[in-house]
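Here's a quick briefing to read alongside the model. Have the viewer open as you go.

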Amino acid sequence: MKEEIIKLEIEDFEKCNNIWDMERQKEIARQCYRELLEGNRTTYIYTLDGEYIAEINLVTEMDDPDYTIPGRRIYVSRLIVKEGFRRRGIGRKLLDFAVATAQEAGYTELSIGVDLDNYAALMLYIGAGFDRVIFIGEDEYGRFVKLLKAV
């Protein structure tokens, strides 16, 4: 099996529906597409024999300094592994790739947000070095934490 991490081309955006339900999450899909067009979001896809299995996004600018600081801090967004492929190390591979990509681009910090009830993701991020809590809050989805990793 051939595994590869590729940069998503805008014309292939709809293929992400293989990873997550874009129809059910229309507003998020519209926001991600808009940010891709604006150049504020870069999406990387993990493929297995050409099939879209997982994605991770790097966002350069948000209206929240916990998440982004121009030229210094980049936001890791939407790490999603397709059901049936979880717990195989794919998320960690994508996360390590995103960290290396951000570091190569000159960023010295990465931020990430995670729901506190998503224990598997929380442990993945802490294990990958996102070890500084910069915010604990609650939104319509529940309690969450913002974590920071220095590189």
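Predicted model: local features only at pLDDT ≥ 70, side-chain atom pairs only at ≥ 80, totals over all residues.

Residues are numbered from 1 along each chain as its sequence is written, and side-chain values use heavy atoms, with hydrogens and water left out.

**Cysteines**
- You'll find zero disulfides here (a disulfide is a pair of cysteine sulfur atoms within 2.5 Å).
- The sulfur of C32 sits 8.6 Å from the closest cysteine sulfur, in C16, which is too far for a bond.
- C16 is buried at 1% relative accessible area, and C32 is buried at 4% (buried means under 20% relative accessible area, exposed over 50%, partly exposed in between, with a 1.4 Å probe and protein chains only).

**Helix α1**
- In α1, the buried residues are A29, C32, E35 and L36.
- Seen down the axis of α1, the buried residues fall within an arc of 135 degrees, so they line one face of the helix (the arc is that of the directions from the helix axis to the C-beta atoms).
- The face turned away from that buried side carries the exposed L37 and E38.
- Cover for the buried residues of α1 includes β2 (41-48), β3 (51-59) and β4 (helices are DSSP runs of H or I, at least four residues, and strands are runs of E, at least two, numbered from the N terminus; contact means heavy atoms within 4.5 Å).

**R73**
- R73 lies in strand β4 (residues 73-81) and counts as buried at 7% relative accessibility.
- A polar atom of the R73 side chain lies 2.8 Å from the backbone oxygen of P65.

Notes: Polar contact = N/O pair within 3.5 Å; in protein donor to acceptor, adjacent residues only side chain to side chain.
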